[in-house]
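Please take a moment with the sequence and the model before reading on. The paragraphs that follow lead through the chain part by part.

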Amino acid sequence: MKGYNHSCMGESHKTTGKPCQDSSLYLFDEETGTHIAIVCDGHGGNRYFRSDRGSRLLVEVTRDTILEFVRGNPAELFSAPVLVQAGPGDHPEGYGIQDAALTRLFTSIIFRWQEGIEQDARLDPLSPEELQGVKPEHVKDFQEGRELEKAYGSTLMAYFQARGYWVAFHIGDGHCVMFSDDGRIFEPVPWDERCFLNSTTSICDRDALAGFRYAWQGGGAGPFAVFLGSDGVDDSFGDGERLHAFYLGILRSLVEEGEEVTKRSLAEALPGISARGSHDDMSVSFVYDEKGLDEKTRMFAMKQLSEMREELEAAGKDIEALESKRNALSASYSKLQESIEEKEKANDGIIGRIARIRKLIRCGEEECSRLDEKRKAWESSKPTLDRQGEKMRIELKYATNDLERARATESGIISRIESLEGFLGIRQGESEEGPATGPHEQDDGCSQL
């Protein structure tokens with residue numbers, strides 16, 4: 001197993017002068033054989049003005065507490081080969097001993113972090129400059145020694161893989177994405193619905209312990225790769241296929257470019273992703289199995305290629321349906337326009353006839369009256385026909401726009417398929433199992449960022 005982590009300042013912090021409030025870590029402890037990945041995201045509001053310190057301290061505390069946990073608990077305690085998951089406040093039935101051990105781990109992290117921030121505040125008391133911009137009621141709390149932890153608030157996401165088992169736990173937003181050996185990409189730690197938009201649970205909550213959620217599995221084998229990303233990454237890519245594709249791009253870069261180039265490319269790319277996306281601080285920490293890197297990355301790439309081909313097929317069907325709809329609307333609109341033009345010409349003739357009849361034949365009042373009623377009927381119906389025509393014109397415009405977007409989507413998917421086929425060495429017209437002999441282009445992954 002290997003791993004890497006990187007944190008960088010968000011684009012918005014460059015203009016506001018705020019420090020990077022993210023912290024991250026990857027560590028391999030030779031003594032215990034434990035791989036640890038951690039991401040902590042300090043809060044950005046004025047009340048949390050020391051959250052950069054809080055996130056750094058939380059990384060250190062979590063690292064040390066995990067190592068003590070691994071040393072102090074036998075691996076047999078977590079030997080069950082099933083995936084055990086617990087949401088906020090959950091206690092999985094049948095795994096009470098493991099739940100109690102993890103609860104002690106979380107409690108120790110909270111306690112040590114609180115001790116650390118209290119010591120930091122004693123050594124470096126809160127200054128008037130730091131309190132500028134903080135709401136008066138919160139300033140009063142700080143001055144009277146209450147809720148000091150809010151100044152240091154941070155989320156916490158961690159994964160560690162010891163000999164025989166792995167554990168992932170989380171409080172707050174951000175996402176832990178796991179690439180399993182059986183080809184699945186999923187989030188092992190249950191989501192907390194309280195993390196929505198700018199709201200998140202935090203280590204600085206009064207009931208922080210109740211906000212922890214976790215997943216673990218024994219049986220000796222760990223996942224192929226695990227990625228932890230702060231919400232700055234998630235908000236830039238979303239928490240679905242685009243985020244998974246970004247992480248797969250990192251794995252592909254490891255295969256194609258090697259470890260050092262990938263690390264350098266990721267560090268260079270994250271600031272640009274922040275500028276184009278969330279503008280927030282960015283942190284990524286990940287662990288992967290370098291022994292199966294090539295084979296398993298190709299497996300996931302093949303799966304993604306298959307899914308994208310299905311998307312391409314669906315997009316083609318959408319285009320066909322949209323073209324049919326557009327053509328039908330266009331034909332209906334043309335017929336309506338022709339009908340309106342014919343009726344307008346007929347109405348012009350009626351008006352002329354009425355004028356001539358009234359001028360030349362005073363005795364033709366009945367005929368004039370009949371024609372006048374016909375004219376009125378037309379003028380009464382014309383607004384309805386005009387509205388129908390305008391509605392169809394708008395529908396035609398939207399159908400045309402939808403068709404153009406669908407064609408753009410088709411073009412983008414074809415481009416990405418060609419990239420993946422190039423990566424996998426698949427020539428046009430050959431099957432995925434065919435030999436790859438020529439050069440290939442890269443898809444949008446870490447090395448292209």
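Where pLDDT is low, the predicted coordinates should not be read in detail. The mean pLDDT of the protein is 88, and 94% of its residues reach 70 or more. This is a predicted model, in which local features need pLDDT of at least 70 and side-chain atom pairs count only at pLDDT 80 or more, while totals for chains, interfaces and linings use all residues. Residues are numbered from 1 along each chain as its sequence is written, and side-chain values use heavy atoms, with hydrogens and water left out.

The domain assignment of the protein gives domain 1, covering residues 2-291, and domain 2, covering residues 293-404; such bounds come from an automatic or database domain assignment. The centres of domain 1 and domain 2, taken over C-alpha atoms, are separated by 56 Å. To the contact between them, domain 1 gives 18 residues and domain 2 gives ten residues.

A sheet comes next. Five strands form an open sheet in the order β1-β11-β10-β7-β8, with antiparallel pairing; here helices (H or I, at least four residues) and strands (E, at least two) are DSSP runs, numbered from the N terminus, and two strands pair if DSSP finds at least two bridges between them. Because β1 (2-8) and β8 (185-186) stand at the edges, each with a single partner strand, one side of each is left without a neighbour in the sheet. Helix α9 (residues 259-276) packs on the sheet, where it touches β1 and β11 (282-288), and its direction makes about 30° with that of β1; the axes behind this angle are lines fitted to C-alpha atoms, for helices over the stretch in contact, and angles run from 0 to 180 degrees between N-to-C directions.

Within the sheet, strand β10 (residues 225-229) pairs with strand β7 (residues 175-179) in the antiparallel sense over five bridges, and β10 also pairs with β11 in the antiparallel sense over five bridges. On the β11 side, the bridge partner of Leu-228 is Ser-285. Strand β10 is mostly covered, five of its five residues being buried, where buried means under 20% relative accessible area, exposed over 50%, and partly exposed in between (1.4 Å probe, protein chains only). Ala-225, Phe-227 and Gly-229 point one way from β10, whereas Val-226 and Leu-228 point the other way, and all are buried.

Helix α9 contains Leu-270, which counts as buried because its relative accessibility is 0%. Leaving aside residues up to four places away in sequence, Leu-270 touches His-6, Cys-8, Phe-246, Met-282 and Val-284.

Another helix, α3 (residues 96-123), has 28 residues and reaches 40 Å from its first C-alpha to its last, close to the 40 Å expected at 1.5 Å a residue; the expected span is 1.5 Å times one less than the number of residues in the helix. The buried residues of α3 include Leu-105, Phe-106, Ile-109, Ile-110 and Trp-113. Which elements do the buried residues of α3 pack against? They pack against α2 (51-72), β5 (156-162), β6 (165-171), α6 (208-211) and β9 (213-217). Leu-102 has its place in helix α3 and counts as buried at 0% relative accessibility. Not counting residues up to four places away in sequence, Leu-102 touches Phe-69, Phe-78, Val-167, Tyr-214 and Trp-216.

Most residues other than glycine have a negative phi, and most peptide bonds are trans. Glu-147, in the loop between α5 (136-143) and β5, has a positive phi near 55° and is buried, with a relative accessible area of 17%. His-279, found in the loop between α9 and β11, has a positive phi of about 65° although it is not a glycine, and His-279 is partly exposed, with a relative accessible area of 34%.

Conventions: Contact means heavy atoms within 4.5 Å. pLDDT is the predictor's confidence in each residue, from 0 to 100.
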